[in-house]
Amino acid sequence: MARIDLNHIRHAYGSNPRSDKDYALKEVHHSWEDGGAYALLGPSGCGKTTLLNIISGLIHPSHGQLLFDGVDVTNLSTQERNIAQVFQFPVIYDTMTVYDNLAFPLRNRGVPQAEIDRKVRETLEMIDLASWADKKARGLTADQKQKISLGRGLVRSDVNAILFDEPLTVIDPHMKWVLRSQLKQLHQRFGYTMVYVTHDQTEALTFAQKVVVMYDGEIVQIGTPEELFERPKHTFVGYFIGSPGMNVMPVKLSGGMAQIGSHQIQLPSPVMPANAKVIELGIRPEYVRLGRTGMPVKIAKVEDIGRHKIVRTKLENQDIAIIVEEGGDIPAEPHVAFDPKGINIYADSWRVGGQ
Ligand code: ATP
């Protein structure tokens, strides 16, 4: 497996880009560790597939360089890059048996028969298809066919990386959950370098060691699920990750205090962003306490979603979502208080301060 270096990658689909907005990828400059499991997460059109296709060689970037373990592969074909790919829809040979579907990429590379047999059987065990080895792929369900696609990616342990493009989209919700945790275990056991595109945050957060959050052609943050939850670098990350996402509100700062409407809140540490047009405070619903003391709010809506409630409130003109755990009550005269450890301050959407 390989380390992947993305050096100043930019990509425009049109032939005559004039400004940044003509670029599907604006500037991607990162190094991804050998054996890392990375999920590319972001809304539709933010550039995830473009970036994955640049790594796989399906797209040649307009600018920049791609290195695998320090070797420049920018001008190599997909085959020459030695990667495995799993797409949204299963790419398998219907007329072959399940066994032969997995053996095919190994036979193509001249792997000795005994090793093919060992690897194929081991992989079939991993994906729970051992008892289907001799069945023709044609008669299988969509889930099983996608498992074969996954198996074809995983069977080649000599590849530089395995790339996944929304591989679980066609899988039913229960099987999705099973395959996601199997992929995670396989990664922990074999240390593949994996890059996984998804717009589903649950998928990204459960599968990946590092989540790469993209927005409008740029990477806005790479972090562990915990870092993205606790310290979103950009208000977009706070809002996009979490259910519901982070509450973001305009504030005025002075002397270690933040002013929201007519209320003053003590910050965990003083921050003085220079020259910012917009200063905002971000706090996740999990860090807002609903009780009888603090700042008075009006209840706008209560959504009961089983184990907890999402309570939508108004603090003067500001919308604030709160999560109330099972058994927690909603007082007749509700007030909110912010847990200082959940407070982040943003200047022009980017987080500032060392808190
Ligand atoms: P999705 O989750 O919907 O697949 P994405 O994050 O993978 O979206 P991309 O498919 O990489 O995003 O698209 C990034 C931008 O590039 C979008 O504005 C898209 O319209 C544009 N784009 C993608 N493919 C092409 C193409 N072949 N020609 C022109 N523009 C394209």
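**Entry 1: the ligand**

How do the residues of the shell around the ligand divide into nonpolar, polar and charged? I looked and found 3 nonpolar, 7 polar and 1 charged. My classes: Ala, Val, Leu, Ile, Met, Phe, Trp, Tyr, Cys and Pro are nonpolar, Asp, Glu, Lys and Arg are charged, and the others, Gly among them, are polar. The residues around the ligand are Y13, A24, G42, S44, G45, C46, G47, K48, T49, T50 and H199. A residue counts as near a molecule if its C-beta atom, placed from the backbone, lies within 6 Å of it.

**Entry 2: the model**

I noted that this is a predicted model, where local features need pLDDT of at least 70, side-chain atom pairs count only at pLDDT 80 or more, and totals for chains, interfaces and linings use all residues. Residues are numbered from 1 along each chain as its sequence is written. The mean pLDDT (the predictor's confidence in each residue, from 0 to 100) is 92, and 99% of the residues reach 70 or more. The model scores ipTM 0.98 and pTM 0.91.

I traced an open sheet of 6 strands in the order 6-7-8-3-9-10, with mixed pairing. Its edge strands are strand 6 (83–86) and strand 10 (218–223), each pairing on one side only. From one strand to the next, the twist averages 20°. Here axes are lines fitted to C-alpha atoms, and angles run from 0 to 180 degrees between N-to-C directions. Strands are DSSP runs (E, at least two residues), as are helices (H or I, at least four), numbered from the N terminus. Two strands pair if DSSP finds at least two bridges between them.

Next I checked strand 7 (residues 161–165) and strand 8 (residues 194–198). They run parallel, joined by 4 bridges. F164 has Y196 in strand 8 as its bridge partner.

**Entry 3: a hairpin**

Is strand 18 (residues 298–304) covered or in the open? Of its 7 residues, the number buried is 0, so strand 18 lies largely in the open. Buried means 20 or more other C-beta atoms within 10 Å of the residue's own, exposed 12 or fewer, partly exposed in between; C-beta atoms are placed from the backbone. Strand 18 runs antiparallel to strand 19 (residues 308–315), with 6 bridges. D304 has K309 in strand 19 as its bridge partner. The hairpin has 3 residues between the strands, and G306 takes a positive phi near 90°.

**Entry 4: helix 5**

Helix 5 is mostly covered, with 11 of its 13 residues buried. Among them are I148, L150 and L154.
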